[in-house]
Amino acid sequence: MHFAHDTIAALAAAVELVNSAVEPDTMTEIAHLDAFFDKHGYTGAHTRDAEELAAVRALRTPLRRMLTSDRDTTVHLINQTLATHRALPQLVRHGDVDYHIHAVPPDASLAVRIAVETAMALIDLVRDDELTRLAICADTTCDGIVLDLSRNRSRRYCSTTCGNRNAVAAYRARRKGDD
């Protein structure tokens, strides 16, 4: 399945934001938010203040619910988000990025833009019945979300850290069994 660039970008940003709440919290300072903003190519308003940081941090729980719910619940949450923020999808292009969808104006708060962009990206997954591209990390000690856009759907861990921790544990278990 092929997804549009803006869908992939919005989902990757949403998953990273939600996973920033998994211990240790990695979204605690304005500098962290600045790095997130730059890494994910956001444009538009960015006030770089404590209020904005708090609003973005507050998104993590509702986004987690939107990303991990069953299909019907996800659809309800998408529709609720789009209605709450009066989303009006429009094609735009800016910088080096060709036409893509923005559904709120660039002066909307960063938290609103993240919420609406996540909802818009999830529409593609729902329409293609691809919500299984989102899962909880296979590491039993982790609650991180995995975004698996690979062709063979082989991604099981939210990060290299979790994957390595489980590989080492499996290796040690095999070694212990050999002794």
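Reader: Leaving aside neighbours within four places in sequence, which residues is F36 in contact with?

Author: This is a predicted model, where local features need pLDDT of at least 70, side-chain atom pairs count only at pLDDT 80 or more, and totals for chains, interfaces and linings use all residues. Residues are numbered from 1 along each chain as its sequence is written, and side-chain values use heavy atoms, with hydrogens and water left out. With those neighbours set aside, F36 is in contact (heavy atoms within 4.5 Å) with A13, E16, L17, M27, Y42 and I114.

Reader: OK, and which residues touch the most other members of the largest nonpolar core?

Author: F36 is one of them, along with L17, L67, I114, L122 and L134, in a core of 41 residues. A nonpolar core here is a set of buried Ala, Val, Leu, Ile, Met, Phe, Trp, Tyr and Cys residues joined through side-chain atoms within 4.5 Å. Buried means under 20% relative accessible area, exposed over 50%, and partly exposed in between (1.4 Å probe, protein chains only).

Reader: Which element gives the most to this core?

Author: That's α6, with twelve residues. Elements that each supply at least two include α1 (5–19), α2 (30–39), α6 (110–127) and β4 (145–147). Helices (H or I, at least four residues) and strands (E, at least two) are DSSP runs, numbered from the N terminus.

Reader: What's in the second core?

Author: It is separate and has six residues, among them C142, V146, C158 and C162.

Reader: Switching to charges: how many salt bridges are there in the whole structure?

Author: A search finds nine, counting a side-chain nitrogen of Lys or Arg within 4 Å of a carboxyl oxygen of Asp or Glu.

Reader: What does E16 pair with?

Author: E16 bridges to K39, with the closest N and O atoms 2.8 Å apart. The two sit 23 residues apart in the chain, E16 in helix α1 and K39 in helix α2. E16 is partly exposed at 28% relative accessible area, while K39 is exposed at 60%.

Reader: And where do D25 and R57 sit?

Author: D25 is in the loop between α1 and α2, and R57 is in helix α3, 32 residues apart. Their side chains meet in a salt bridge at 2.8 Å, N to O. Together with R60, D25 and R57 are linked in a network of salt bridges.

Reader: One more: are E130 and R133 buried or exposed?

Author: E130 is buried at 9% relative accessibility, and R133 is buried at 3%. Their side chains form a salt bridge too, 3.0 Å from N to O.
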